[in-house]
Protein chains: 4
Amino acid sequence: MAGTGVADHPADLGLERIIFLSDGLFAIALTVLVIDLRVPELPTAAGSDQVAAALSALLPRVFAYALSFTIISFYWVAHWRRFKLIERANAGLAYVNLLLLAFIALIPFPTALIGEHGDIAISVMIYAVTLSAAGIAGFASWVYALRTGLVTVAAPKDLVRSGAIRGLSVPVVMLGSLLLLPFASTYLVEATWLLILPVQWLITRRVSR
Amino acid sequence: MAGTGVADHPADLGLERIIFLSDGLFAIALTVLVIDLRVPELPTAAGSDQVAAALSALLPRVFAYALSFTIISFYWVAHWRRFKLIERANAGLAYVNLLLLAFIALIPFPTALIGEHGDIAISVMIYAVTLSAAGIAGFASWVYALRTGLVTVAAPKDLVRSGAIRGLSVPVVMLGSLLLLPFASTYLVEATWLLILPVQWLITRRVSR
Amino acid sequence: MAGTGVADHPADLGLERIIFLSDGLFAIALTVLVIDLRVPELPTAAGSDQVAAALSALLPRVFAYALSFTIISFYWVAHWRRFKLIERANAGLAYVNLLLLAFIALIPFPTALIGEHGDIAISVMIYAVTLSAAGIAGFASWVYALRTGLVTVAAPKDLVRSGAIRGLSVPVVMLGSLLLLPFASTYLVEATWLLILPVQWLITRRVSR
Amino acid sequence: MAGTGVADHPADLGLERIIFLSDGLFAIALTVLVIDLRVPELPTAAGSDQVAAALSALLPRVFAYALSFTIISFYWVAHWRRFKLIERANAGLAYVNLLLLAFIALIPFPTALIGEHGDIAISVMIYAVTLSAAGIAGFASWVYALRTGLVTVAAPKDLVRSGAIRGLSVPVVMLGSLLLLPFASTYLVEATWLLILPVQWLITRRVSR
């Protein structure tokens with residue numbers, strides 16, 4: 001860290017540490033997801049058929065892993081884009097960011113739930129609500145940063161707007177999908193979540209230069 | 001890292017690395033908490049009622065998760081505020097900070113304990129003592145930094161004072177609550193811990209500009 | 001972080017955060033591997049013979065740990081070398097890097113699989129395919145960075161070329177070894193994976209100054 | 001990151017990333033230790049006596065946790081001190097550092113082993129050998145850095161010497177203790193490991209200014 005003359009202390013480690021903590025926690029959430037992907041204990045002499053059967057029984061968990069990894073990735077990219085425009089930190093930003101991290105850290109729990117009991121409505125609801133809460137907390141952190149003047153004044157208007165709507169594709173699609181729950185099978189509801197991909201892609205495309 | 005002329009080595013990576021290690025460990029402690037939030041193995045054909053019952057049996061663990069996440073967050077914010085005022089590091093600071101981290105890393109253990117056996121006095125005591133120990137170690141690290149001249153001389157007096165008392169709201173409330181243990185139910189004792197929130201809020205408000 | 005004059009915000013935190021996230025995730029993937037190395041629950045009064053037997057039954061998992069640790073290390077060093085030559089980041093790089101990280105985060109799963117069921121062809125295939133996918137995603141991220149002009153123009157031609165072929169030693173050896181699977185024992189196939197070491201060493205030697 | 005003029009790329013991210021990866025992995029190794037500290041599944045209606053008995057049965061694991069946390073802390077401080085004097089990185093340093101990290105990442109395994117089967121000679125041997133291997137790998141990385149000219153020429157002679165001997169207190173005491181194994185109880189052997197504390201303290205004291 002180049003010193004600024006007198007002290008060899010970084011000028012705004014406050015902002016940097018919020019980012020260190022966030023990147024660390026995102027990295028762990030992404031990695032902890034896989035702990036649930038386990039072949040159940042088989043007899044040591046288990047043959048090829050038994051292992052293959054155990055593996056294909058894992059497929060719903062692989063789907064859950066891929067889905068959660070993708071959504072956490074979107075949230076990380078949204079966080080990354082927002083913090084490129086944030087130039088100062090205060091305690092409020094630290095707390096609202098910790099609220100977002102609390103929901104990100106929770107994600108392995110509903111992921112395991114839909115991996116094991118994805119055919120049950122309550123699992124689908126808990127998954128949709130937890131992941132949406134993370135998206136809404138991300139939105140709240142951006143609104144907070146704007147309101148308290150932490151965002152650089154040089155930020156282009158369209159990036160400020162897209163910083164707000166970016167992560168909202170997940171709560172919109174997921175909470176919307178819950179309206180189908182009384183009428184459709186849980187698998188159909190989960191299938192609608194794939195709409196997050198084109199929606200996110202459209203947003204990314206519109207904003208990227 | 002901008003070089004300072006001759007060497008391209010950062011000037012005070014010593015201080016930065018204490019922060020890297022701390023942020024990494026805090027992030028992991030926050031995330032590991034959720035590993036205990038697990039639906040028990042149910043029969044594959046488990047119906048909606050069984051899953052719902054298993055989930056509501058998890059509610060004490062969700063409370064334990066939220067409580068520990070909140071307190072670790074307070075400790076991280078306290079650490080973050082203190083290290084904004086610390087401008088140099090020495091080996092003593094590294095060790096006293098590792099003592100703090102040892103208690104932070106322990107927190108998932110008493111969290112699981114009150115999540116599973118929160119109705120038993122010994123669980124409540126172990127939780128209160130471990131989390132208070134982390135708060136006291138944080139206080140000790142601040143006193144150490146002040147005594148050995150690691151804190152910037154430009155630090156405002158009130159920030160120096162609040163840096164000391166900040167994390168102490170947790171040990172004061174928690175150790176105090178243990179005095180109720182012979183007279184009150186464990187749930188009442190745990191309920192008094194919510195006093196940490198207003199106490200912390202008062203401190204934060206008094207100090208923030 | 002030395003300010004660049006007006007704002008105290010780092011100039012290109014975008015690139016740095018991709019690196020923070022990657023280093024965090026690599027560190028966790030390397031550490032999570034060991035969670036599978038566990039002595040099974042033995043009776044408390046278990047004698048020396050029982051513990052020794054349990055430990056020698058773990059030897060295939062120790063081999064799996066060492067193999068995966070080595071390959072993830074190669075991938076980290078390849079990532080480290082490539083990002084020394086990348087001087088800017090964009091959203092595309094963030095996503096292609098997350099694809100690589102998705103496969104790195106998966107590695108503990110096939111590692112546990114060959115540690116427990118390394119005598120079964122399907123385990124060998126899943127291990128080889130997952131670890132090769134990580135190598136190919138690393139290659140793709142380098143091609144992407146080159147095509148979109150993120151690599152410094154000052155990068156020596158031979159480093160650009162070696163940046164491409166570097167991680168490919170793993171997919172070439174591993175996918176090639178699968179051709180032996182119909183004819184040879186799974187252990188022989190796994191033994192051929194040791195060829196990655198001399199191949200990687202040759203590449204490293206040719207490139208290092 | 002202050003730009004160096006033309007490119008906004010950090011000048012020596014190579015060295016920094018070795019440190020990021022190391023700090024991340026040390027932080028995780030310190031935190032993963034606690035996963036083994038678990039109260040066994042008790043009946044939901046378990047009374048105070050049962051929980052207290054389960055907790056006191058955990059005491060050997062608490063000792064193992066404290067011991068491993070302390071030794072990993074020493075290794076981290078040794079790493080921290082050494083890298084303050086290292087001003088450049090090359091691929092060899094990355095690899096020798098990864099060898100050290102491989103042993104650090106392994107430590108939770110022998111820690112669980114002596115926590116559960118600390119009364120058996122083979123557990124004591126595996127613990128002593130693994131933790132000593134980490135100390136020796138740290139020594140090797142320092143010798144490598146000195147030999148290949150990565151250490152700053154301005155490094156005081158006594159710091160260079162102490163950088164070499166620093167982490168060796170652990171292997172000297174631990175491997176030495178194994179000589180007692182045929183004659184003494186495993187608990188006595190483990191008790192001799194406490195000698196690491198005064199030895200380390202003497203070294204630290206002699207070197208600190």
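These legends go with several close-up views of a predicted model.

**View 1. Chain A as a whole is built from helices, with ten of them and zero strands.** The C-alpha trace of chain A spans about 70 × 45 × 30 Å along its principal axes. Buried residues account for 48% of the 209 residues in the chain.

View 2. Helix H4 (residues 91-106) of chain A has the highest confidence, at 96, while helix H10 (residues 196-207) of chain A has the lowest, at a mean of 76. Go a bit carefully around residues 1-11 of chain A, where pLDDT stays under 50; the model still has 32 contacts beyond four places in sequence for that stretch. For the complex, the predictor gives an ipTM of 0.88 and a pTM of 0.91.

**View 3. Helix H1 (residues 13-32) of chain A pairs up with H4(A), their axes coming within 10 Å.** The two axes cross at roughly 5°, which makes H1(A) roughly parallel to H4(A). From H1(A), the residues involved are A:Ile18, A:Ser22, A:Leu25, A:Phe26 and A:Ala29. H4(A) meets them with A:Leu93, A:Ala94, A:Asn97, A:Leu101, A:Ile104 and A:Ala105. Sort the residues of this contact by type and you get nine nonpolar, two polar and no charged.

**View 4. A:Ile104 sits in the largest nonpolar core, a set of 236 residues.** Together with B:Ile104, C:Ile104 and D:Ile104, A:Ile104 touches the most other members of that core. Neighbours within four places in sequence aside, A:Ile104 is in contact with A:Leu25, A:Phe26, A:Ala29, A:Ile72, A:Tyr75 and A:Ala134. As background, nonpolar side chains in soluble globular proteins tend to be buried together.

**View 5. A:Glu190 is a buried residue in helix H9 (residues 186-192) of chain A.** A:Glu190 counts as buried because 21 other C-beta atoms lie within 10 Å, and the cut-off is 20 or more. Leaving out neighbours within four places in sequence, A:Glu190 is in contact with A:Gly118 and A:Val124. A:Glu190 and A:Gly118 are 72 residues apart along the chain, yet their C-alpha atoms are separated by 8.6 Å.

How values were computed:
Residues numbered from 1 in each chain as written. Chains lettered and ligands numbered in written order. Predicted model: local features only at pLDDT ≥ 70, side-chain atom pairs only at ≥ 80, totals over all residues. Core = buried A, V, L, I, M, F, W, Y, C linked by C-beta atoms within 7 Å. Buried ≥ 20, exposed ≤ 12 C-beta atoms within 10 Å, placed from the backbone. Contact = placed C-beta atoms within 7 Å. pLDDT = per-residue confidence, 0-100. Helix = DSSP H or I, 4+ residues; strand = E, 2+ residues; numbered from the N terminus. Axes fitted to C-alpha atoms, helices over the stretch in contact; angles between N-to-C directions. Parallel < 35°, antiparallel > 145°, perpendicular 65-115°, else oblique. Nonpolar A, V, L, I, M, F, W, Y, C, P; charged D, E, K, R; others polar.
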